[in-house]
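Here is a set of questions about the words used for a protein model. Each answer sets a value against a definition and then concludes.

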Amino acid sequence: MQLSKPTDYQMEVDQQTIWIKNKNTTIAYCRFSNHGDIEYIYVQPMYRLMGFGRKLVEEVKRITGKLGSPYEPVSPMGQRFFAALKKYS
């Protein structure tokens, strides 16, 4: 069962980490380099396929002015995510 997309959440940025949170939990987070490379990205399973990963990547691009590459190793799910970003961007 998929949840409806939460509308009551906030994005926090501290140094090179971005968190998306609601009042109950951390929905997603991302670590990134000054060059826009994604060091780590994670979205809670119950919030996947709701656009939170894309929001994190867009925020990295906004902060750094560019989007680099994901750090290796990239999981199979991460490979699908980054391929979809490339395809639909």
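Q: Why is E39 called partly exposed?
A: Buried means under 20% relative accessible area, exposed over 50%, and partly exposed in between, with a 1.4 Å probe and protein chains only. E39 has 26% relative accessibility, so E39 counts as partly exposed. The model is a predicted one, in which local features need pLDDT of at least 70 and side-chain atom pairs count only at pLDDT 80 or more, while totals for chains, interfaces and linings use all residues. Residues are numbered from 1 along each chain as its sequence is written, and side-chain values use heavy atoms, with hydrogens and water left out.

Q: What makes R31 and E39 a salt bridge?
A: A salt bridge is a side-chain nitrogen of Lys or Arg within 4 Å of a carboxyl oxygen of Asp or Glu. The closest N and O atoms of R31 and E39 are 3.4 Å apart, and the pair forms a salt bridge. R31 has 33% relative accessibility, so R31 counts as partly exposed.

Q: Where is R31 found, and which residues does R31 touch?
A: R31 is in strand β3, residues 26–32. Helices (H or I, at least four residues) and strands (E, at least two) are DSSP runs, numbered from the N terminus. Contact means heavy atoms within 4.5 Å. Leaving out residues up to four places away in sequence, R31 touches Q16, T17, D37, I38, E39 and Y40. Between R31 and L56, which are 25 residues apart in sequence, the C-alpha to C-alpha distance is 9.4 Å.

Q: How many salt bridges are there by this rule?
A: The count comes to three. One of them joins K21 and E12, whose closest N and O atoms are 3.4 Å apart. K21 is at 24% relative accessibility and therefore counts as partly exposed. E12, at 29%, also falls in the partly exposed class.

Q: What makes E59 and R62 a salt bridge, and how are the two placed in the helix?
A: The closest N and O atoms of E59 and R62 are 2.7 Å apart, and the two form a salt bridge. Both are in helix α1 (residues 52–64), and because they are three residues apart, about one helical turn separates them.

Q: Are E59 and R62 buried or exposed?
A: E59 has a relative accessible area of 13%, so E59 is buried. R62 is at 59% relative accessibility, so R62 counts as exposed.

Q: Why are α1 and α2 called roughly perpendicular?
A: Axes are lines fitted to C-alpha atoms, for helices over the stretch in contact, and angles run from 0 to 180 degrees between N-to-C directions. Angles under 35 degrees count as roughly parallel, over 145 as roughly antiparallel, 65 to 115 as roughly perpendicular and the rest as oblique. α1 and helix α2 (residues 76–88) pack at about 70°, with their axes 11 Å apart. The two helices are therefore roughly perpendicular to each other.

Q: Which residues make the contact between α1 and α2, and how do they divide?
A: From α1 come G53, R54 and V57, and from α2 come F81, A84, L85 and Y88. They divide into five nonpolar, one polar and one charged. Here Ala, Val, Leu, Ile, Met, Phe, Trp, Tyr, Cys and Pro count as nonpolar, Asp, Glu, Lys and Arg as charged, and the others, Gly among them, as polar.

Q: Where is L67, and why is L67 called partly exposed?
A: L67 lies in the loop between α1 and α2. At 39% relative accessibility, L67 therefore counts as partly exposed. Not counting residues up to four places away in sequence, L67 touches G36, I38, V57, V60 and K61.

Q: Where is S75, and why is S75 called partly exposed?
A: The loop between α1 and α2 also holds S75. S75 has 40% relative accessibility, so S75 counts as partly exposed.

Q: Which residues does the cis peptide bond join?
A: The bond joins E72 and P73, and omega is about -5°. P73 lies in the loop between α1 and α2.

Q: What is the phi of Q15, and why is Q15 called exposed?
A: Phi is positive, about 55°, although Q15 is not a glycine. Q15 lies in the loop between β1 (10–14) and β2 (17–21). The relative accessible area of Q15 is 71%, so Q15 is exposed.
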